[in-house]
Amino acid sequence: MEEMEEELKCPVCGSFYREPIILPCSHNICQACARNILVQTPESESPQSRRASGSGVSDYDYLDLDKMSLYSEADSGYGSYGGFASAPTTPCQKSPNGVRVFPPAMPPPATHLSPALAPVPRNSCITCPQCHRSLILDDRGLRGFPKNRVLEGVIDRYQQSKAAALKCQLCEKAPKEATVMCEQCDVFYCDPCRLRCHPPRGPLAKHRLVPPAQGRVSRRLSPRKVSTCTDHELENHSMYCVQCKMPVCYQCLEEGKHSSHEVKALGAMWKLHKSQLSQALNGLSDRAKEAKEFLVQLRNMVQQIQENSVEFEACLVAQCDALIDALNRRKAQLLARVNKEHEHKLKVVRDQISHCTVKLRQTTGLMEYCLEVIKENDPSGFLQISDALIRRVHLTEDQWGKGTLTPRMTTDFDLSLDNSPLLQSIHQLDFVQMKIPATPILQLEECCTHNNSATLSWKQPPLSTVPAEGYILELDDGNGGQFREVYVGKETMCTVDGLHFNSTYNARIKAFNKTGVSQYSKTLVLQTSEDTDSEEQTVPFPVPSERLPLRRMSPFSSTLNLQPSFPRRSYFDFRPSPHQLSLHSSLQSLNAPVAWFAFDPGSAHSDIIFSNDNLTVTCSSYDDRVVLGKTGFSKGVHYWELTVDRYDNHPDPAFGVARIDVMKDVMLGKDDKAWAMYVDNNRSWFMHNNSHTNRTEGGITKGATIGVLLDLNRKTLTFFINDEQQGPIAFENVEGLFFPAVSLNRNVQVTLHTGLPVPDCYSSRASIA
């Protein structure tokens, strides 16, 4: 409850409220302090005289902006007021808590009445020390303001809870511990003060003295004073005026002051406003909880910055120590730079911690104060302050929702040391901004699974300043095996189809650019649906007799489809755009080494003619032209076939693999970017970099089938004609990223068949090896 103490202190004297009154602006002030800050206006500036004389602008026009007579029911009682700067006769002072206070223009006349009953000067004006709104007092003076008994009760409970040992109330300097309490005097005494001020003789002998603890309980259980009307002090509040937002008595209603207003029962409005305040506190409580969690996050950021700073400094020292003596002289400057960045980050985060802590303390104090107010059983007293508290709660909640719970600083040090300059350039050695992109964040709200498909979405961190050129998505095999790349590209969403049913897959993502690759994101666990067809689990892997239809995709799609053409097997149908291919995207199967793809019109020579969904190609030129497949391979074993649909005048087409930048206007194998077999109607040759090797008898005719087997596990390339291996292994030690390739002229037309398993003869030899 210590954080609530600011709510219980007067803005003028800085002490706990004593006999607090409620101003029309809903702020509180001690009754004695209110009298001290009254300002008397000239008689000619009263509202009545101004209306009667119609006088023009005077030195006191600043009051006319705000002064409202309490005689008018329609007046709000206050207005916007900017201060008394233009009144040289009323210089402003400051209270102990820094609030501007305006003393009276002249000392009040001597009186023997109490501050509440003493008359106030005519035409007195009081200004709220918190919001600086002002109003003219009527004939009732300060008695026209209601007393805040709820606040008095909260202060009493707070002071009782703070006082572990009750102190004597009459000790002048250091109060001693009280030993007794007089129930009639309602005063705690220590032994010396009791003998001096409360002797057990005369009228005081009949007073009852009790122990301090018992006196505290009896004081707490003493009945509250009944709320009385400010206009009719002998009448208790019994109703509530909705328009005026104040409790009223029956005599007020009989006099007709609220005849046209909506009036409701006091108890009903008490319960209603308590409910509204409780609901408002629920929202503020959530904000306070978020603020506490945010403070924990900020403190963790401080620790992370410390750790990152230590790690960065160690790396910097290691690099500097590896250089010559000139680098050692530069090392101190670089370390100073890192320390400056370190201190800057810490300062920003600590400032935010301090700011958030202050706001949280204020919020918690308001919450505790509101909770204590709710405990009050005085309906009229509660209703006098409930509206103001509800507004403050909503305002405080809104202040938490304006981006205050977002870190202003990252924990990473976006600096890296470039140690490549020559020795003579050491004096120019300086930090360069780190170019590696930040780790992507998986968007869990957009990631989902459906049947045997999984959709993943990710984004760059909001505070990241280094752009990413693309992303690499990796999945394991569903059995806790190694991760494998399933997508490389610029898009931030990917759908993977054809996964095993009732399996658990792990997914992760990383970003890359020309400088390097970021760290992996957190691993996301995906669970596919259960397989409802139990027979599919026992069907062996089939060899397709014909090519199944490929799944079509937009060229800008980021979806990698694992198409389940056969039970419990996955096949690739990858449709990357040309810019994705230039990023060296690689493709690996998750559950079976079988890939689906087609020819790529975007990278082919302009003379190539496409048909049959880009699976059949021919040429309009008599010269050889090259066309590539859309899928690149960097790992695994891959096999595809091409059937000869037309073969005229004995041409020699070439089949094989190539790099993305192979020459497109010469026969495949003429440059060092292609590995191929060219064949006519009688024999074939292997060719790479225009070197012809391994002449083998046996050619092709219309209807012949040419098979290409790329084994990147063994780094070999092998060819087949009509299901028979053509010659020895054509090429060995093939590494890198390869695309299926064909070169042909107008006398040849071929059709591509993908999604095929490895030939049985090769599989048996591989198992023996």
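With which side chain does the side chain of Asn506 make a polar contact? In this predicted model, the partner is the side chain of Asp476, at 3.0 Å. Asn506 itself belongs to strand E22, which covers residues 504-512. Leaving aside residues up to four places away in sequence, Asn506 touches Glu474, Leu475 and Asp476, as well as Phe483, Thr523, Leu524 and Val525.

The largest nonpolar core contains 70 residues, and the members that touch the most others are Ile29, Ile126, Leu277 and Tyr369. At least two residues of this core come from each of the strands E1 (20-22), E2 (28-30) and E14 (415-417), and likewise from each of the helices H1 (31-36), H4 (149-162), H8 (266-321), H9 (325-374) and H10 (379-400). Helix H8 supplies the largest share, with 18 residues. Beyond four places in sequence, Leu277 is in contact with Cys370, Ile374, Phe382, Leu389, Ile390 and Val393. Another core, of 39 residues, lies apart from the largest one; Val617, Ile706, Ile721 and Leu752 are among its members.

The mean pLDDT is 76, and 74% of the residues reach 70 or more. Over residues 50-116, pLDDT stays under 50, and the model has 121 contacts beyond four places in sequence for this stretch.

Methods:
Residues numbered from 1 in each chain as written. Predicted model: local features only at pLDDT ≥ 70, side-chain atom pairs only at ≥ 80, totals over all residues. Heavy atoms only, no water. Core = buried A, V, L, I, M, F, W, Y, C linked by side-chain atoms within 4.5 Å. Buried < 20%, exposed > 50% of the residue type's maximum accessible area, 1.4 Å probe, protein only. Helix = DSSP H or I, 4+ residues; strand = E, 2+ residues; numbered from the N terminus. Contact = heavy atoms within 4.5 Å. pLDDT = per-residue confidence, 0-100. Polar contact = N/O pair within 3.5 Å; in protein donor to acceptor, adjacent residues only side chain to side chain.
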